[in-house]
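Subject: Structure for you to look at

Hello,

Here is the structure I said I would pass on. Please open it first, then read the notes below it.

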Amino acid sequence: MKKFMAFTLSAVMLMSLAACAKKADETEAETTAAETAVETTVAETTAAETEETVVETEAPVEDAVMSYADYVAADMDSEVVVTGYVQATQSWWEDQITVYLQDEDGAYFLYNMTCSEEDAALLVPGQEIKVTGYKSEWAGEVEIIDATFEVLDGNWIAPATDVTEFLGTDDLINYQNQFVSFTDMTVVSVAFKNEEPGDDIYVTLSKDDAEYDFCLEYYLNGSDEEFYALVSGLEAGATVDVEGFLYWYEGVNTHITAVTVK
């Protein structure tokens, strides 16, 4: 009887030990599964954070190039980034140059843009550039100041847009800084800045009994002796066609580049 009971107790103990071992195995399996789930969650979170970081790095807002409409809508003194094609430049001086820039939608006046003398040689008519600077205004002229640039691959020359019909209207300013033309204008007067040759020439032209100011900007094309002589010799009453850049100074003050006497 004692031997039988001993055998029975031994069997019970073995079954108990087997049950404990199975329970331990199940617990270990559950722990391993839980740890794997945690590791998977951490990996997914890290991947998501990495993806988010990549997305933010790929498209920084400050590098976005504006359309002309965006530029017009931008606040004064805000940073602007635009692209366009050089139409003309004023004389380079002390690592600065002033540029008449245009694209198919509008135009920009880059005042005293930072530029080395070597880089100034790259700013030929038609050359595409990207410009970063600040939108500003002076005496009605909207311009970009404190600008820097980089050269791009495009090339385009703007044709002159005839804006004669807009003289005396609020629509004229929509063409500010663009290369424009005026037809059948009448010469009213010609005057030299500082009252003698060798600087800007102020030209007053009329249309339909209203007078408008034009200017031969010396730093733009005053070194062209033939053109300078032509403009300075215009006679009152003459009829002329004019081309130039629609600059603004307390009203329209086109920087003229060509004059045809009829």
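A pocket, as the word is used here, is an open set of grid points where a 1.4 Å probe fits, with protein on both sides within 12 Å along at least five of seven lines. Please keep in mind that this is a predicted model.

The second largest pocket holds about 200 Å³ of space. Helix α2 (residues 68-73) gives the largest share of its lining, 3 residues. Among the residues that line this pocket are Tyr 68, Tyr 71, Val 72, Lys 135 and Asn 177. Sorted by class, the lining of the second largest pocket has 7 nonpolar, 4 polar and 1 charged.

The largest pocket has a volume of about 630 Å³. Its lining is made of 23 residues, and those nearest the centre are Gln 90, Tyr 111, Glu 217, Tyr 219 and Tyr 247. Three strands, β2 (96-102), β3 (107-114) and β11 (253-261), each contribute at least two residues to that lining. In the lining of the largest pocket, 11 residues are nonpolar, 7 are polar and 5 are charged.

Now the cysteines. How many disulfides does the count come to? The count is 0. A disulfide is a covalent bond that joins the sulfur atoms of two cysteines.

Are Cys 115 and Cys 215 buried or exposed? Cys 115 has 3% relative accessibility, so Cys 115 counts as buried. Cys 215 is buried as well, because its relative accessible area is 4% and the cut-off for buried is under 20%.

Regards

How values were computed:
Residues numbered from 1 in each chain as written. Predicted model: local features only at pLDDT ≥ 70, side-chain atom pairs only at ≥ 80, totals over all residues. Heavy atoms only, no water. Disulfide = S-S within 2.5 Å. Buried < 20%, exposed > 50% of the residue type's maximum accessible area, 1.4 Å probe, protein only. 1 Å grid on protein atoms, 1.4 Å probe; cavity = no way out; pocket = protein on both sides within 12 Å on 5 of 7 lines; lining within 4 Å. Points joined across faces, edges and corners; volume = space filled by probe spheres on them. Helix = DSSP H or I, 4+ residues; strand = E, 2+ residues; numbered from the N terminus. Nonpolar A, V, L, I, M, F, W, Y, C, P; charged D, E, K, R; others polar.
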